[in-house]
Amino acid sequence: MLEQIRQQFPALSAQVYGKPLVYLDNAATAMRPQSVVDTWTQSVLAGNANIHRAVHYLAGVATEAYEGARDCVQAFINAPSREEIVFTSGATAAVNLVASSFGEAFIQEGDEVVVSAAEHHSNIVPWQLLCERKKSVLKVLDIHDDGELAVEQLESLLSPRTKIVAISHISNVLGLVNPVEEIVRICHAKGVPVLVDGAQGIVHEPVDVQALDCDFYVFSGHKLYAATGTGVLYGKRKWLDAMPPYMGGGEMIKSVSFAKTTYAPLPEKFEAGTQNFNGAPTLVPAIRFVQEARANASVQKEQAAITEYIYTKLIEDERITIYGTPFAHKIPLFSFAVKNAHHEDLALILDKMGIALRSGQMCAEPLMDRLGVTGLLRASFGPYNTLAEAEYFVKSLEKAINMLM
Amino acid sequence: MSLEEKKQQVVEDFSVYDEWLDKYEYLIELGKGLEAFPEEKKTEERLIKGCQSRVWLDSEERDGRLYFTADSDAIITKGIISLLISVYSGCTKQEIAADDFGFVAEIGLKDNLSPTRANGLVSMIERIKEIAG
């Protein structure tokens, strides 16, 4: 059954240095299924025209594919309306959009923004830029030593000056599902809106933005098997309506004159310039793949087996420290350090064994400081990875460690 | 040994290994054999940027020749810097400045390192050139 899934991903059959590729860097970017490649090809070959404006046939085809993707995303995350789905170039662009535009409208000098200690730089730096510009204050929700967010400290961190809380659904380093529903509840009780960075969350967890009740949810397409340069900002209409445009240009305007320009309605108001009309339609087959994989019992069984196997192997090895340990919240993403072995050496040796994994700070320097490390190794698994690959990884890691000792 | 002879020696030493893992094994041995580098010398000025790991390079000039010492927190990188300084220690500034560092490409080190890693190597070479320049 898993073979059927793997066959959908031609890139997985690659050989590197004469060895079969074992791709364990899925948290950085996922591979694309053939259906995504085909949709892209189809768009370029038979539907390549700029969307929305022109009246010719191809423009119609392209617009339909682009807007169809919006409907698909809306259904996927159960957004109340399609106007609340804004396409961006990725999660980073979406956070920047909110930080800039929401910040412009709602954040004043002395106001506060809260992020967590476990955020990706993309959910830190846009807020820092905003805080510099507005002379507002960035506050940090800490984590416990086991990697869990210190949610019990959140309420006391919120003040009448807190204007927004931006928090990841799943940290790209710790691989733990954060209690975002509880976070939203705590924040809303104090009237504070919440942005959820779903770059990892959307891949591993079902997301219903109405049930979650978050104010913004952002994610990238490329980690979700769609084309690079695609991304989504979901925002509640009340906020998107009240926020000024982020960028000016084509598409986002209603009428332009030197005296007064008026803006297009949602979502075009936030989609200035030529959009990624070749890429966005790939979200449709990508989402279809996610839904298939989630409904596929053998994929789910294999994923659970991989998570348990790697977790057990790493945690029982005294030379190894895993960061993000509570098993109940763990996704198959493992960041770890090996005593007396540098992460770069291990990654370099494992690379030559055909294993692609991430080493370094993983775009989360503040978290590395909090954990007291200069970098880590990270193995992140996707639905096409097998238990056999996990076993090969553990065996290869053992070999690599021995080479260094 | 002249600079040319030293470079030739390195190329020969490397050529006996077909497999990349064996080349790494060799670099690891070189790294382990590198002379201890005093902790107090691990300063910001001696740190080389552009590596995932940290590399410190120090030099002194005696009788018109440069002598290098180095360290890294990663062992393969330590092996690479060890290789570089074993070749260039004892050379005059003029010799180093005139050298094209082509032997690094010849042993395949540059191509077979990941780009970030190759950046580290480039930074190490740049620093040696800078000291000589």
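**View 1. The contacts of Lys129(B) beyond its sequence neighbours.** Setting aside neighbours within four places in sequence, Lys129(B) touches Ile96(B) and Ala97(B); two residues are in contact if their C-beta atoms, placed from the backbone, lie within 7 Å. This is a predicted model, in which local features need pLDDT of at least 70 and side-chain atom pairs count only at pLDDT 80 or more, while totals for chains, interfaces and linings use all residues.

**View 2. Lys129(B) in its helix.** Helix α6 of chain B, residues 115-132, holds Lys129(B); helices here are DSSP runs of H or I with at least four residues, strands are runs of E with at least two, and both are numbered from the N terminus. Leu3(B) is 126 residues away along the chain from Lys129(B), and their C-alpha atoms are 15 Å apart.

**View 3. Two helices of chain B packed together.** Here α2 (residues 20-33) and α3 (residues 75-88) of chain B meet at about 75°, and their axes are 7 Å apart. The axes are lines fitted to C-alpha atoms over the stretch in contact, with angles from 0 to 180 degrees between N-to-C directions. α2(B) and α3(B) are therefore roughly perpendicular, the word used for 65 to 115 degrees; under 35 is roughly parallel, over 145 roughly antiparallel, and the rest oblique. Among the residues making the contact are Tyr24(B) and Leu27(B) of α2(B), and Ile76(B) and Leu83(B) of α3(B). By class, the contact has eight nonpolar, three polar and two charged residues (nonpolar: Ala, Val, Leu, Ile, Met, Phe, Trp, Tyr, Cys and Pro; charged: Asp, Glu, Lys and Arg; polar: the others, Gly among them).

**View 4. Where the two domains of chain A touch.** Domain 1 covers 2-29 + 296-404 and domain 2 covers 37-289, with bounds from an automatic or database domain assignment. In chain A, 20 residues of domain 1 are in contact with 22 residues of domain 2. On the domain 1 side, β14 (333-338), α14 (365-371) and β17 (376-380) of chain A each give two or more residues. That side divides into 12 nonpolar, five polar and three charged residues.

Key: Residues are numbered from 1 along each chain as its sequence is written. Chains are lettered from A and ligands numbered from 1 in the order in which they are written.
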